[in-house]
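Biologist: Please put the model up, and then we can go through it.

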Amino acid sequence: MTGSWISIAIEVVVAVLLSITIGYCVLLNTRLKRLRADETQLRATIGELVRVTEVAERAIGGLREAATECDRTLAKRVREAEYFSVEIAREIGEGSQVLERIMQITRTARATAAAEPAPTSGGAALPEAQAPDVAPPSAADAAAARPRMSELKAKFAQSAERLASLRRDMDGRAA
């Protein structure tokens, strides 16, 4: 009888172990199904990432082209601005020279007018062809011209400083 109890005990232990194995197999099967479902989702996610990456690469290419075009346009505008700044500086210089000449002519005319004797009423007057077209400037006109000249010089200095500032800005952007 002892032999039969041992064999029954062994068979019960084998039955319990088989039950545990079957339960573990069911649990393992459930986990494998979830893993396969996750694999499908992972493949879909990877496919979507690939598509999004391709779209991003195309967008980056478009941005590069736009940046290149902007750089070309900016360089063109900088060249134009430099050309115009040189032209403006040249014209301001020429204007200053003309203004200086006018001031010299005015000074000379005043000095000449002051040095000439005033015509007397009994004396011979200048013929019509030699009469001056413009009355000589008065002292008030001369006094008013000096502040205008200094204003023009100040404006010229401001313009020159603005041009220099623009050049520095453009050089900084180009670098």
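Predicted model: local features only at pLDDT ≥ 70, side-chain atom pairs only at ≥ 80, totals over all residues.

Modeller: Residues are numbered from 1 along each chain as its sequence is written, and side-chain values use heavy atoms, with hydrogens and water left out.

Biologist: How many helices and strands does the secondary structure of the chain come to?

Modeller: Helices (H or I, at least four residues) and strands (E, at least two) are DSSP runs, numbered from the N terminus. By that rule the chain has two helices and zero strands.

Biologist: Is Ser85 buried or exposed?

Modeller: Ser85 is in helix 1 and touches Leu163 and Arg167, not counting residues up to four places away in sequence; contact means heavy atoms within 4.5 Å. The classes are buried (under 20% relative accessible area), exposed (over 50%) and partly exposed (in between), with a 1.4 Å probe and protein chains only. Because the relative accessibility of Ser85 is 6%, Ser85 counts as buried.

Biologist: What class of aromatic pair do Tyr83 and Phe84 make?

Modeller: Rings of Phe, Tyr and Trp (its six-membered ring) pair if their centres lie within 6.5 Å; planes under 30 degrees apart count as stacked, over 60 as edge-to-face and the rest as tilted. The count comes to one aromatic pair. The ring centres of Tyr83 and Phe84 are 5.4 Å apart and the planes are at 65°, so the pair is edge-to-face.

Biologist: How far apart are the closest N and O atoms of Arg51 and Glu48?

Modeller: Arg51 and Glu48 both lie in helix 1, three residues apart. Arg51 is partly exposed at 47% relative accessible area, and Glu48 is partly exposed at 40%. The two form a salt bridge, and the distance between their closest N and O atoms is 2.7 Å.

Biologist: Which residue forms a salt bridge with Glu161?

Modeller: Glu161 is partly exposed, with a relative accessible area of 46%. The closest N and O atoms of the bridge are 3.3 Å apart, and the partner is Arg168.

Note on methods
Salt bridge = Lys/Arg side-chain N within 4 Å of Asp/Glu carboxyl O.
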